[in-house]
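Here are some exercises to work through with the model open beside you. Try each task yourself, then follow the solution step by step.

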Amino acid sequence: AKALRNRALIVLLVMVGVIIMTAVWFSAGLTRPIHALADTAGRLADGELEREVPVHGHDEIADLARSLESMRVSICSLVDQQERQIEALSLPLIPLHDDIVAMPLVGELDDARVGKVRAALVDGIHESGAKAALLDLTGVPRLEPGAGEALLAAAKAVRLIGAHVVLTGMQPAVASSLADMAIHLEGVETARSLGSGVEAALKSLEADRRSPRLSDQEQDA
């Protein structure tokens, strides 16, 4: 009887240990993906939308992960759409005259943003057929490193497609930054205000109109 009891206790202890280990393993298998989803949801809430949601298996937790990944993709698409709309609003191309357009800029300029300004300006001038563009820097408090060279490249790109470019409303800090960078705006006119910039652009366009006439008169002579 004692031996049987001892064997029964041993078997019971072994079974309890196996049950406990099985329960721990099973609960870990359930809680691990839940913790991973909770961590991913926290990162999404913090704005880390680039990280994909891991999906494993075909159970209910995997369905939840797929739903969370679908939500992440939708949010990324919505954010991209809003960013494009904000860029379109922040880089407006305003017609001031039949041949003159203006782009008022607000906020600090860095290399990346000036690159977007150049693309929007060149495309807008090409589509509208404008012959002069005013870049109004009244709302630009200062230039980030590298923005001076990018601004000169944008002006040269406008010149290459056959249009004049006038920088207007340049703040003292911006002018000092360009001077410190030893950047010379060759072929780019500057004006103190938007109104004087329009006058300068009109004079440049009038000079362009007179040049062919003078050439024709010289040929006739």
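**Exercise 1. Find how strands β3 and β4 pair, and over how many bridges.**

Step 1. Strand β3 covers residues 132-139, and strand β4 covers residues 164-168. Strands here are DSSP runs of E with at least two residues, helices are runs of H or I with at least four residues, and both are numbered from the N terminus.

Step 2. β3 and β4 pair in the parallel sense over five bridges. Two strands count as paired if DSSP finds at least two bridges between them.

Step 3. For a landmark, look at Ala132, which stands opposite His164 in β4.

A word on the ground rules: this is a predicted model, in which local features need pLDDT of at least 70 and side-chain atom pairs count only at pLDDT 80 or more, while totals for chains, interfaces and linings use all residues. Residues are numbered from 1 along each chain as its sequence is written, and side-chain values use heavy atoms, with hydrogens and water left out.

**Exercise 2. Decide whether the residues of β4 are buried or exposed.**

Step 1. Start with the cut-offs: buried means under 20% relative accessible area, exposed means over 50%, and partly exposed is in between (1.4 Å probe, protein chains only).

Step 2. Five of the five residues of β4 are buried.

Step 3. Zoom in on Thr168, which counts as buried because its relative accessibility is 0%. Its side chain makes a polar contact with the side chain of Asp136 at 2.8 Å. A polar contact is a pair of N or O atoms within 3.5 Å; within protein, one must be able to donate a hydrogen and the other to accept it, and residues adjacent in sequence count only if both atoms are side-chain atoms.

Step 4. Not counting residues up to four places away in sequence, Thr168 touches several residues, including Leu135, Ala191 and Gly197. Contact means heavy atoms within 4.5 Å.

**Exercise 3. Describe the surroundings of Leu151.**

Step 1. Leu151 lies in helix α4 (residues 147-160).

Step 2. Its relative accessible area is 2%, so Leu151 is buried.

Step 3. Leaving aside residues up to four places away in sequence, Leu151 touches Val114, Leu135, Leu137 and Leu167.

**Exercise 4. Explain why Arg113 counts as buried, and find a polar atom facing its side chain.**

Step 1. Arg113 sits in helix α3 (residues 111-128).

Step 2. Arg113 is buried because its relative accessible area is 18%.

Step 3. A polar atom of the Arg113 side chain lies 2.7 Å from the backbone oxygen of Val106.

**Exercise 5. Trace the network of salt bridges.**

Step 1. A salt bridge is a side-chain nitrogen of Lys or Arg within 4 Å of a carboxyl oxygen of Asp or Glu. By this rule there are two.

Step 2. One joins Arg209 to Asp99, with the closest N and O atoms 3.4 Å apart. This pair links distant parts of the chain, 110 residues apart: Arg209 is in helix α6 (residues 194-220), and Asp99 is in the loop between β1 (94-95) and β2 (100-106).

Step 3. Another joins Glu206 to Arg209, with the closest N and O atoms 3.5 Å apart. Both residues lie in helix α6, three residues apart, about one turn of the helix.

Step 4. Compare the accessibilities: Asp99 is buried at 15%, Glu206 is partly exposed at 30%, and Arg209 is partly exposed at 36%.

Step 5. Put together, Asp99, Glu206 and Arg209 are linked in a network of salt bridges.
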